[in-house]
Amino acid sequence: MQTATIAFDRFNQLHDDACHERIRAARARLGDRAVLLGHHYQRADVYQYADLTGDSLKLSRLASQADAEYIVFCGVHFMAEVADIMSKPHQKAILPDLAAGCSMADMANLAKVERCWRELNEVLNAEEAFTPVTYINSAADLKAFCGEHGGIVCTSSNAGTIAQWAFAQRPKILFFPDQHLGRWTGYTMGIPLDEMMVWDPDLELGGLTVEQIHKARLLLWKGHCAVHQMFQPAHILKFRNQHPDGLVIAHPECSFEVCKQSDYVGSTEHIVKTIREAAPNTRWLVGTELNLVNRLAEEVKPEGKIVQFMSPTVCMCSTMQRIDPQHLAWTLENLAAGKVVNQISVPQHEAGLARLALERMLAVS
């Protein structure tokens, strides 16, 4: 069995058609030793090979249930970390391109979160006052931080349920890294906007006064998704003027103003389900990632449904786009030849604490 890694240079300039042939051949050689997980935002030419698809919550569950030796994650880095954390000891999580990260996840790091925790302790007892909640779009060490400090992980599918759990533990929540998901979740729970403060990690005390910290029920990290940040209320207004009977659905990573003006707000799974189950001949404006919107538009077109992307500007998850047929072919051929490449391995201690926070989430959800 070959042990020397096949160099990526041999694939970098390979035409897509040749890549697809080699992907199919390598998958046939691997058989059930490998399972491919694909996020809804994945580009179509890679998504087509996924054995299992879904949003972050669904894929977290699937990763914990997979039996294959190799879990090849067609997504981004934090998703492959979750697969490694939740999988069995003999399994290996693989990310076809290590450059596939998440700009939102990068907006919160462990050093800044620990500094925030220390500063909160100067105002009140953070361990008694705050439940730390990290969006699944975060690094493993932040999930471990939540595990260590009585906190939990959430996704856009279960954020409301998780927030209820968190408030049952302690009176306040520190929510990172996406302020928009946190704000919309708090709003749907009836928390006034002036009791949800934004914590700027680059400013002393997050840029807040002691009085604001005492008043806040929900501290929102100053982070956002670059894709969902593109959508604006003006896009919705234009659509409603042109199509008064049209319906608007947005992801909760969109701004508060966009969510408030939408008819429906929910995760990618919720968006897919809502439009699939909608009446024929309906028209939809969708505020989420372009690959998902395009795929959904083609799927429901035979029912006379029209699905359009909310922004006039092309806006996709550029980091997830880095998982292309060339990287997937290279990864699978190496695995078929007995060489593991791009394995994502979370340190054992960190993985244990992160698993605790993820298992709390799965138990509550």
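User: How many positive and negative side chains does the protein chain have, and how far apart do the centres of the two sets lie?

Analyst: This is a predicted model, where local features need pLDDT of at least 70 and side-chain atom pairs count only at pLDDT 80 or more, while totals for chains, interfaces and linings use all residues. Residues are numbered from 1 along each chain as its sequence is written, and side-chain values use heavy atoms, with hydrogens and water left out. Lys and Arg count as positive and Asp and Glu as negative, leaving out His and the chain ends; a charge is placed at NZ of Lys, CZ of Arg, CG of Asp or CD of Glu. The protein chain has 34 positive and 42 negative side chains, with centres 3 Å apart.

User: How many disulfides does the structure hold?

Analyst: A disulfide is a covalent bond between the sulfur atoms of two cysteines. The test here is a pair of cysteine sulfur atoms within 2.5 Å. The structure holds zero disulfides. For C74, the nearest cysteine sulfur is that of C19, 13 Å away. For C146, the nearest is that of C154, at 9.3 Å.

User: Is C74 buried or exposed?

Analyst: Buried means under 20% relative accessible area, exposed over 50%, and partly exposed in between (1.4 Å probe, protein chains only). C74 has 1% relative accessibility, so C74 counts as buried. C146 is also buried, at 0%. Of the 365 residues of the protein chain, 58% count as buried.

User: What share of the contacts with a separation of 6 or more comes from residues 24 or more positions apart?

Analyst: Contact means heavy atoms within 4.5 Å. In the protein chain, that share is 67%.
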